[in-house]
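Hi there,

Here is the structure I promised to pass on. Have a look at it first, and then read on for what turned up.

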Amino acid sequence: MKKTKEKIKSASLALFNEHGYFRITIRQIAQELGMSSGNLNYHFAKREDILEQLYFDMVQHFDARVAALPQQTISLPQIRADIYGSMLIMTDYRFIWTDLYRLLQLSPRISEHFAEALARRQAGYQFLFQVLQQQHLLKPPAFANEYNLLIDRIVNFSNTWLYASALYNLPLDQAYIARQADTLLLMLHPYCTESGREQLIGSIS
């Protein structure tokens, strides 16, 4: 049973990524696998169940990356590498990010988790910026909420760069992903100290 569920998820992910979640039906997934819709429904009662499973599979990949962070020394090159790695995960589940708004409306379970994850991401960036300031790589804030506003821009870009690639029909190759990782990291440039800027420029591809 586990192998069959994995095959269903794999086929669904490929179809959703290629055509979009809302264009693919349970019947089409079953046809792709050469099974009946009834057999597929035995493993997943409805299409939304597959969506939620794929979403939380993606979350597991992100959680594994976050769990490994305490073993790493925080630096701008390390941050750039983590951004790139996260973007690779996102491309594997790109149908979620290119239709995020509608999918959040569709699934209360995903919407609730996404809101909780957003709060954790914001707190993570606050901690990260504090460490970079202690390392004299980032300047102290010039006014209240300066870094909170930066976090908003970073998170918004992180959530929508894949949507932009679909909007402009851009190829999701390594060069494009690297460029997006550099674009996100360079948001820190105006806030860097002189030594921070040297390390930042040395970190981009």
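Please keep in mind that this is a predicted model.

**Helix 9 and its surroundings**

The buried residues of helix 9 pack against helix 5 (76-92), helix 6 (94-98), helix 8 (108-134) and helix 10 (174-185). Among those buried residues are Tyr 147, Leu 150, Ile 151, Ile 154, Val 155, Phe 157, Trp 161 and Leu 162.

If you follow the helix along, you will find a bend of about 40° at Thr 160.

Have a look at the loops on either side as well. In the loop between helix 8 and helix 9 you will find Asn 145, a residue other than glycine with a positive phi, near 70°. Asn 169, found in the loop between helix 9 and helix 10, also has a positive phi, near 55°. Is Asn 169 buried or exposed? With a relative accessible area of 69%, Asn 169 is over the 50% cut-off and so counts as exposed.

**Salt bridges**

How many salt bridges does the structure hold? There are six, and three of them are described here.

- Lys 9 and Glu 6 meet through their side chains at 3.1 Å, N to O. They are three residues apart in helix 1 (residues 2-19), so about one helical turn separates them. Lys 9 is buried, at 8% relative accessible area, whereas Glu 6 is partly exposed at 40%.
- Asp 49 and Lys 46 form a salt bridge at 3.1 Å, N to O. Both partners are partly exposed, with Asp 49 at 24% relative accessibility and Lys 46 at 44%.
- Glu 52 and Arg 109 pair up at 3.4 Å, N to O. Glu 52 belongs to helix 4 (residues 47-68) and Arg 109 to helix 8, so this pair ties together parts that are 57 residues apart in sequence. Glu 52 is buried, with a relative accessible area of 16%, while Arg 109 is partly exposed at 48%.

There is also a network: salt bridges with shared partners join Glu 6, Lys 9 and Asp 57.

Happy browsing, and do write back with any questions.

Best wishes

Notes. Residues are numbered from 1 along each chain as its sequence is written. This is a predicted model: local features need pLDDT of at least 70, side-chain atom pairs count only at pLDDT 80 or more; totals for chains, interfaces and linings use all residues. Side-chain values use heavy atoms; hydrogens and water are left out. The bend at a residue is the angle between axes fitted to the seven residues ending there and the seven starting there. Helices (H or I, at least four residues) and strands (E, at least two) are DSSP runs, numbered from the N terminus. Buried means under 20% relative accessible area, exposed over 50%, partly exposed in between (1.4 Å probe, protein chains only). Contact means heavy atoms within 4.5 Å. A salt bridge is a side-chain nitrogen of Lys or Arg within 4 Å of a carboxyl oxygen of Asp or Glu.
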